[in-house]
Amino acid sequence: MADEVNIVPVGTEDIETLCGLAKEIWTEHYASILSDEQVAYMVERFQSVPAVTDQLDKGYRYYFLRSAGESLAAGENGGFMGICPEEDGLFLSKLYVHREFRRRGLARATLSYLRELCRREGYPKIRLTVNKRNAGSIAAYRRMGFQTVKEQTVDIGHGFVMDDYVMELEMSFRN
């Protein structure tokens, strides 16, 4: 059963809440994919208060995903996304759903929101990266129409790499 979702912009006053949610989700979700050390490093590097503040200053937009349905606590932050406009499309930098909110349609509702945003703002595609060992997320993105366009390995420091697929969803707009 799908919950309705409210997509709520994250303001500077919400950054600490966002980072706490990110740490909780990343620690749980990546435990079977990455070492505890790499997860902690990545949370600090990409989802700490200074990192998110810097990203917002560089044009990223963050949103909370809040359940609007009755099957879970309405208004509770069930996840978040981070997006950044690029020259050739929209980069979906982060889309994370708390385990208690998974399989409730939040990701699909978020993608619907992003499709409409792309239509309004003229982005021809959505691009994302996903860890090659993140089978559940890869399958979900494929079900939503994303195609793998390349593989990439990025050195993120301290002996860690991000070993990812780059996936894209082409927009087709009818006037």
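Aromatic pairs, to begin with: a search of the whole structure finds eight of them. The rings taken are those of Phe, Tyr and Trp (its six-membered ring), and two of them pair if their centres lie within 6.5 Å; planes under 30 degrees apart count as stacked, over 60 as edge-to-face and the rest as tilted. One of the pairs joins tryptophan 26 and tyrosine 30, which are edge-to-face, with 5.7 Å centre to centre and 70° between the planes. Tryptophan 26 is buried at a relative accessible area of 4%, and tyrosine 30 counts as buried at 10%. For the cut-offs, buried means under 20% relative accessible area, exposed over 50%, and partly exposed in between, with a 1.4 Å probe and protein chains only.

A word on the source. This is a predicted model, in which local features need pLDDT of at least 70 and side-chain atom pairs count only at pLDDT 80 or more, while totals for chains, interfaces and linings use all residues. Residues are numbered from 1 along each chain as its sequence is written, and side-chain values use heavy atoms, with hydrogens and water left out.

Back to the rings. Tyrosine 41 and phenylalanine 160 form a tilted pair, at 5.5 Å centre to centre and 40° between the planes. Tyrosine 41 lies in helix α2 (residues 36–47) and phenylalanine 160 in strand β7 (residues 160–170), so this pair ties together parts that are 119 residues apart in sequence. Both tyrosine 41 and phenylalanine 160 are buried. There is also one aromatic cluster, formed by Trp26, Tyr30, Tyr62, Phe80 and Tyr96.

Now the chain as a whole. How many helices and strands does the chain have? It has five helices and seven strands, where helices (H or I, at least four residues) and strands (E, at least two) are DSSP runs, numbered from the N terminus. Along the sequence the pattern reads β-α-α-α-β-β-β-α-β-α-β-β.

On overall dimensions, a compact globule of 175 residues would have a radius of gyration near 16 Å, and the chain, at 16 Å, agrees with that. The radius is taken over C-alpha atoms, and the globule rule is 2.2 Å times the number of residues to the power 0.38. Along the principal axes, the C-alpha atoms fill a box of roughly 50 × 40 × 30 Å. Of the 175 residues, 46% count as buried. The accessible surface comes to about 9,500 Å², and 47% of that belongs to carbon and sulfur atoms; the areas come from the Shrake-Rupley method with a 1.4 Å probe, and for residues only the protein chains shown count as cover.

Contact means heavy atoms within 4.5 Å. Among contacts between residues at least 6 apart in sequence, 63% join residues at least 24 apart.

On charge, the chain has 22 positive and 26 negative side chains, and the centres of the two sets lie 6 Å apart. Lys and Arg count as positive and Asp and Glu as negative, with His and the chain ends not counted. The place of a charge is NZ of Lys, CZ of Arg, CG of Asp or CD of Glu.

Next, some single residues. Where does histidine 158 lie? It is in the loop between β6 (147–157) and β7, and it is exposed, with a relative accessible area of 67%. Most residues other than glycine have a negative phi.

At the other end of β6, glutamine 147 is placed in the strand itself and counts as exposed at 53% relative accessibility. Setting aside residues up to four places away in sequence, glutamine 147 touches Val166, Met167 and Glu168. Glycine 145 is in the loop between α5 (135–143) and β6 and counts as partly exposed at 30%. With that sequence exclusion, glycine 145 touches Glu168 and Leu169.

Is asparagine 131 buried or exposed? At 12% relative accessibility it counts as buried, and its place is in strand β5 (residues 125–131). Beyond four places in sequence, asparagine 131 touches Ile33, Leu34, Ile138, Asp163 and Asp164.

Last, alanine 68 sits in the loop between β2 (61–67) and β3 (77–86) and is partly exposed, at 30%. Apart from neighbours within four places in sequence, alanine 68 is in contact with Glu4, Val5 and Asn6. The C-alpha atoms of alanine 68 and asparagine 6 are separated by 6.1 Å, with the two residues 62 apart along the chain.
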